[in-house]
Structures are given as C-alpha cells and as structure tokens.
Amino acid sequence: MESKKYILSEKDLPKQWYNIAADLPAAGIEMPPVLHPGTGQPIGPDDLAPLFPMALIMQEVSTERYIDIPEPVLDVYRMWRPTPLIRARRWEKALDTPAHIYFKYEGVSPSGSHKPNTAVAQAFYNAQEGVRRLTTETGAGQWGSALAFACSVFGIDLKVYMVKVSYQQKPYRRILMETYGAQVVPSPSPDTEAGRRILAKDPDSPGSLGIAISEAVEDAATHDDTRYSLGSVLNHVLMHQTIIGLEAQKQFELAGEEPDILIGAIGGGSNFAGFTFPFIRDKIREGKQYRIIAVEPTAAPTLTKGLYAYDFGDTAQMTPLIKMYTLGHTFMPPPIHAGGLRYHGMAAQVCALYDKGLIEAQAVHQNAIFEAAVHFARHEGIVPAPESAHAVRVAMEQALIAKERGEKVVIAFNLSGHGHFDLAAYDAYLRGELEDYEYPEEQIKEALRHLPQV
Ligand SMILES: *Cc1c(COP(=O)(O)O)cnc(C)c1O
C-alpha cells in the first residue's frame, strides 16, 4: 500500500526551537544591527522593553542554536501538533509528473494556519511577565485570529487593528477573532494618533499592514499594562515557526526520502523560515544541496524587486530601522486577496540569506496562484489559503519542469493554511472576475524615494 501521510506521535514533537542566528556566521552572514528610529544608533534590549516582554527580547538577540520550548507551550501545541506531512500522490498523477510532491499541512491548527505556533509562545511569555493586554495588527485576519486564540488560552485581553480592506472583504475572520474574545477595529482607526493622521488625509484609505502596525505599536507604547505582538518578520517569530521544519525533517526520515526543492510563500517570511531554516542549517553545516524557493506576489514583490536597505517596519515611522529588502514603508500594495502577503518589507534573516544566494525568490500573479490552488484542491481535497497558494503554484511549475526533463525530483512545500475564510476570492476567480495587478513599478519607485537616510 502506498503511504499518503507521515504522522509523528505526540512524543516525537520537537522540544526545542532552532535559532538560525547561531549558524549565519558560518554562511558568511553578519546581521546588520537594528537601528533606533530617532537616533539612528543600534538599539539594545532596553529600547524594546516598552513593546515586548524580556523573554522575547532575549530570544530576538540570542545566538544559541536551540532554545527549549516551555512545557505550557508544548501542552497547547499538542492540541494539533505534530501536523501531517502529506504526499500528494493524486496530484502527482494528475500532473503526470515523475516528481514526488510532499506538503506540510499547517491548516490543521485551531485558527487554520501556522500562525498559532508563535502566537501561543508569545501569549505565554507575556502572561508569564504579568502583561494583561496585547495589541496587534492583522491583514487577512490569520494572525489576529491566531493571537486571539492564544490570548484566550492564557487569559490576556487583545485589541486587533485589522487592515480596512480585509475587514470589509473578510467579515468571518473578524467574527472568529471576536468569538475568541478579541476586540477588532478597522485600520486606519480614529483610536490612535497615527490612524487619525491617515484618515484626515484620506478618509477612504483601504489601510495597509504598515498603517495597522503603527496603530498597534502606538497603542502599546502609550499604555503601561499593554505590550505589542507581531506575527511575522522578527527573529523570535521565525524561530518559533521552526517547529514546522523540525517536524518535517523527522517525517522525511519516515518517508525514506529527502527533498531536493523546498518552497514557501513569503509575506513577512515566517512560515517560509519555519519550514526551511532547519534545512538551511544542514545546507550550511553539512553541505546539503537543497534548492530553496521563496514565493511572493507580483503585486508586492519585495525580494525580487525591492532594495536591500534600511527601512521602517511601519508607515508612521515608529518602528526600529531594519536592513531588509523593502518596497518602501509608504508603498501601498494593490488589494490582492492574499492579504497576508501585502507587506512592504521582509524578515531580516530571510533577506540576508537571499542576499548571500542561499535561497531563491520568484514572483507570481494572482490568477496563476488560484489556477494552481483549484487544481490542487480537486485532487487533494484541501482548499489552500491564497497566501499558501503561492507555494502551490511554484510546486506545480517545478513538477511540470521535472516532467519535461523526465527527472524524479522530490518537491516539498509548506501549505501554511486553509482557505475556508477566503472563498469570496475563489468565487471571484471561478467567475473570471479576478484582477491581475501588474508589477506596480511607478508606485514602488516613488516609495523607494522615501527611504530613511542612514
Ligand atoms: C500570514 C500568512 C502568510 C504570510 O506570512 P508569513 O509570515 O510570510 O508566513 C502565509 N500563509 C498564511 C496561511 C498566512 O496566514
């Protein structure tokens, strides 16, 4: 009988996260310092204390290779982890490819994506340090619902600034967050200085992740009992997500194969990093030859078209300056349905790896990703989130290249979440009403003119 799923038992759940900071020097990478937005000087742990609990700040700057996962976090992880690694045998047949295609399925979590892997850890450390209230932003609502779930587990209040276009397009995500007990407002909102400033200029602003981050950061910085929580980009977030790749490595052992190509969608870089960093560790330390591909939307092509430069993480210029590939903090991405990929910047560690050539990047159009996702769903049954569909698309393209060449390559991608809350986007695709946004060259050029001078 052919195996379809590779399932680990609870006792095989990894007990430590992997911190790639330990291995970057061996790849010739020295991470550029994070700079204070006011002084332009490197920041230290104390500068971040108004926003984050100390445990997370120490993880952010840690160079320990492995960090223990606290037992209460493991206990919550066990509600849905380990997640399955699935061989897409029916899809392989339909594509008539000699490639073996595997996907790691993160859609089995309570909120339907990989995001609870870090949300649970962040809520735990905040609760442990006595934090009573958290703020955050959310694009498509995946992060907001993950953190709302995690806050409900650890008894913390949560206010979510939700990008307005998603708030309007995706009422079910808002309802899910409210069901978990969070307060949700459309961003830009009148509740913060940053929001009021944008609304004064443009009352119909569709919002962006950059604006919503400004609002959530301001709220946390101006309330003593409140901290801020970010769902991607930061080192500690990427580290929490490595549970995905660490499990996948054990599952490939069960399958008796090794991937040749690893693929993940990138918004801020966290699910891609979580899936691939343990494999990049082996690329750096053991000379493995994995091809690793990050996939982004043509409408927000951070790695493929951005500049590698210092920039703010948010629109209102409140966050520290990070050296990253960026489209400019004033860039407003077109309203594509993959809301989680509408971000101007990218995780610094992912950018450094791209800059050094350890990973590749590709940009794909919206209709192409839905075409692949629908084909996948009709053979594997799972309807991918539009974000995850970026990885599905490139996995399909690689499988077809393998077919042309008659090569048995092993392709693995991270299916970061299900698309059950994104059916309006599928509806638009199926009716032929989905717009492909061209690469917004002029707007990006304009936004890049506003990069901070450091
Ligand atoms: C948020 C999200 C993404 C993009 O965020 P990353 O930090 O790049 O992973 C991708 N897929 C899903 C399902 C998401 O919810």
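**Reading a predicted fold, feature by feature**

Guide: Let's start with helix 15 (residues 348–355): six of its eight residues are buried, so the helix is largely enclosed by the rest of the structure. Buried means under 20% relative accessible area, exposed means over 50%, and partly exposed lies in between (1.4 Å probe, protein chains only). Helices (H or I, at least four residues) and strands (E, at least two) are DSSP runs, numbered from the N terminus. This is a predicted model, where local features need pLDDT of at least 70 and side-chain atom pairs count only at pLDDT 80 or more, while totals for chains, interfaces and linings use all residues. Residues are numbered from 1 along each chain as its sequence is written, and side-chain values use heavy atoms, leaving out hydrogens and water.

Visitor: Which residues of helix 15 are buried, and what do they pack against?

Guide: The buried ones are Ala348, Gln349, Val350, Cys351, Ala352 and Leu353. They pack against helix 11 (235–241), helix 13, helix 14 (302–305), strand 12 (307–312) and strand 13 (321–326); contact here means heavy atoms within 4.5 Å. After helix 15 comes glycine 357, with a positive phi near 80°.

Visitor: How do I read two helices that touch?

Guide: Two packed helices are described by the angle between their axes and the distance between the axes. Axes are lines fitted to C-alpha atoms, for helices over the stretch in contact, and angles run from 0 to 180 degrees between N-to-C directions. Take helix 16 (residues 366–380) and helix 18 (residues 423–430): their axes come within 10 Å and cross at roughly 105°. These two helices are therefore roughly perpendicular to each other. Under 35 degrees counts as roughly parallel, over 145 as roughly antiparallel, 65 to 115 as roughly perpendicular and the rest as oblique.

Visitor: Which residues make the contact?

Guide: Helix 16 brings Asn367, Phe370, Glu371, Ala373, Val374 and Arg378, and helix 18 brings Ala425, Tyr426, Tyr429 and Leu430. Of the residues in this contact, seven are nonpolar, one is polar and two are charged. For these classes, Ala, Val, Leu, Ile, Met, Phe, Trp, Tyr, Cys and Pro count as nonpolar, Asp, Glu, Lys and Arg as charged, and the others, Gly among them, as polar.

Visitor: And how do I read a sheet?

Guide: Strands of a sheet pair through backbone hydrogen bonds, either parallel or antiparallel. Two strands pair if DSSP finds at least two bridges between them. Here an open sheet of seven strands runs in the order 1-4-5-15-10-11-14, with mixed pairing. At its edges are strand 1 (5–6) and strand 14 (360–364), each pairing on one side only. Strand 10 and strand 15 (residues 410–415) run parallel and are joined by three bridges. Isoleucine 261 stands opposite isoleucine 411 in strand 15. Helix 13 packs on this sheet, touching strand 5, strand 10, strand 11 and strand 15, and its direction makes about 155° with that of strand 10.

Visitor: How many salt bridges are there?

Guide: A salt bridge is a side-chain nitrogen of Lys or Arg within 4 Å of a carboxyl oxygen of Asp or Glu, and by this rule there are 24. In one of them, the side chains of aspartate 23 and arginine 65 meet at 2.6 Å, N to O. That pair links distant parts of the chain, 42 residues apart. Aspartate 23 counts as buried at 1% relative accessibility, whereas arginine 65 is partly exposed at 25%.
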